[in-house]
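Welcome! Please take a look at the structure below before reading on.

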Amino acid sequence: MLGVVRKKMLGQSLLKIRPAVSVLRSYSSSAKHMTVRDALNSALDEEMSADQKVFLMGEEVGEYQGAYKISKGLLEKYGPERVLDTPITEAGFAGIAVGAAYHGLKPVVEFMTFNFSMQAIDHIINSAAKSNYMSAGQMSVPIVFRGPNGAAAGVGAQHSQCYAAWYASCPGLKVLTPYSSEDARGLLKAAIRDPDPVVFLENELLYGESFSVSDEVLDSSFCLPIGKAKIERVGRDVTITAFSKMVGHALKAAEILEKDGIDAEVINLRSIRPLDRSTINASVRKTNRLITAEEGFPQHGVGAEICASVVEESFAYLDAPVERIAGADVPMPYAANLERLAVPQVEDIVRAAKRACYRSVPLAAAA
Amino acid sequence: MSTAFSAANFSTQSFPLNHTSTTTHDSPLVFAKPTSQFLRSTPKLRLSSFSKLNLSRRSGTVVAVSDVVKQKKSKSTPTLLITKEEGLELYEDMVLGRAFEDMCAQMYYRGKMFGFVHLYNGQEAVSTGFIKLLKQQDSVVSTYRDHVHALSKGVPARAVMSELFGKTTGCCRGQGGSMHMFSREHNLLGGFAFIGEGIPIATGAAFTSKYKREVLKEADCDHVTLAFFGDGTCNNGQFFECLNMASLWKLPIVFVVENNLWAIGMSHLRATSDPQIYKKGPAFGMPGIHVDGMDVLKVREVAKEAIGRARRGEGPTLVECETYRFRGHSLADPDELRDPAEKAHYAARDPITALKKYLTENNLASESELKAIDKKIDEVVEDAVEFADESPVPPRSQLLENVFADPKGFGIGSDGRYRCEDPKFTQGTAHV
């Protein structure tokens, strides 16, 4: 009953979808804060209560409350038929979820980390992504594959790979990478409601981070559009694109650069596929310089695609070579100091931005 | 014998492994070279495992299987397993499968069909025996050898032929092809090229049936799913993962193994440590049945029981059908590794000839009635070819369509609504 009411509200709210900043209403001045973990949990909770066809499936999502506690409390609330603890069978349960999606259910499949999704990648790509095309629209797959992606802290090579580039190269998938709590809530809700397969790449280190959220974000019908990037910080001198954890690094780098008179524009991609090429290109046409930042391996990465896109569409506007910052081209080492070297740090982004601005020494003047 | 699945019910020549070990069998066929201790002991294992179907602790529910069939057996007339209408339906379906596949071979060599085409000749009894017992809402999941499963499930021959020709009137508008037959209307969920890929999908479809009943409270949802796959698949990890989960969650699914003894050129005996696939069922807590897949009536009896079990909510069943494909793995396979004597042996057990013999000998149908069906099917297949020939190829705009159910792929359009809510969204909305 409540779900029906919420669905009607959804229809109306979608008409006013804009990123969170809303000047029309004034709420109490004390901003609310929410961790990414709570944001994901609340999004799952609300979508599951709104639509009975949504169910969660994965290892340790039920009684253990989620390997990273994302699904805390959901088992008690919705019962074991809707929050399923699976055996350790990624290929099996990913395929089961796709089969359920063929018949109209809306599974949310949790991979404990996306590294384990490689065991199920046949189903993500071959049955989920390609089915709608192969069946000419008869079998749509409204499924969400979610879980932590990328490097954590000291977990070694087999637990640290970033899969954004792999999944984003495949037509038929939508790939989302939230950064803040607002992103997490809005994009997960959009992903669950979306009639297509969505790969939802979270980040373990962001789960505990707290962000301020407006009341609009907390509303149960809040939803963000898929395929639209967000300009986290407006600037004039250099465009820095980033997703997931790197957005935080890029924002810190922008603060450092500001002291040196470089005004960086930071774009939070939010959606790797479809990539918001128009926002990126519009930004580069304004600033004339581009740095892409990502955590994954450099070859064939997300940054490679962005750079190619900008060179194809906005070449005449570039004042400096495009640059991509990525993880080191090695499997992730374990030793803490080596791991720090293998993942981009704030200083790397700062140095790259200065290179793009042809300033290797800080100047006082603004552009 | 107390169990209905006793050796008395099934022909004594239904166990290929017997051929290597018993000397009493009159078939000259010897096709299994290995002479391991294990193989020699299989006849004992085979017969005893039938009678012990219900003794394994883990498959306690199996007792219900043999009991129910036993009761039915005592009530029905001793000789006739089918009525005349059923018999003609089965015959027509098998002849359609055979004629269609033969026509596919012809069309392939004329260049009308291309790519990978895997034909089903010889295995018709399995498809007909199982699928003709299903309702429209029951689901079937298959592999790349899926033309006949599609036809048995009710997809029109015209739609399948057009799909194979790559025309826009095909069941998947020419976008799937031979290996990817899908039909929402007939609940044919594919058509998968990767072996083992369809099994989790089928398990998911069965999961949905249970979910609909228990969570969405659609009280009479008792839809059953059949998963068809081959002997090679039974060594694949996904197979075992799904046997486990289907049994764990008691899903309404029947796993049908079409054991035709060959995976391209790899003999089942060379690839499998324990070649008796039906034994893998009880290891996961479900009954495992072996049946002669060249006899449609036997397959049908076993299928009735297995599907009935699933519909009643008693859980999955693993059915191994011993069958054979008369042609090669695909039309590109020269088929040099199989012993001609083995092929002759199975050709003599052609399921269509066998059913024809049964129908005529038991006076269920006359020769002329069966010939009329043959003629009718020939016409249907000819018509399908003509239709496919005359159908148009897909228009260029179709290339970019149907990648997403939400075709713009942006989730929300410029008017703030999802594109997929636009009633005209399936009409040529592709944008370059």
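Here is a short briefing on how two chains meet and on one residue of interest.

This is a predicted model, where local features need pLDDT of at least 70 and side-chain atom pairs count only at pLDDT 80 or more, while totals for chains, interfaces and linings use all residues. Residues are numbered from 1 along each chain as its sequence is written, chains are lettered from A in the order in which they are written, and side-chain values use heavy atoms, without hydrogens and water.

**The interface of chain A and chain B**

- In chain A, 55 residues are in contact with 52 residues of chain B; contact means heavy atoms within 4.5 Å.
- The two chains bury about 4,400 Å² between them, 65% of it on carbon and sulfur atoms; buried area is the accessible area (1.4 Å probe) that two parts lose on being put together, summed over both.
- On the chain A side, A:H103, A:Y133 and A:M134 lose the most area to chain B, together 17% of what that side buries.

**A closer look at A:K53**

- A:K53 is partly exposed, with a relative accessible area of 32%; partly exposed lies between buried (under 20%) and exposed (over 50%), with a 1.4 Å probe and protein chains only.
- Not counting residues up to four places away in sequence, A:K53 touches A:G104, A:L105 and A:K106, as well as B:Y211 and B:L216.
- From C-alpha to C-alpha, A:K53 and A:L257 are 48 Å apart in space, and 204 residues apart in sequence.
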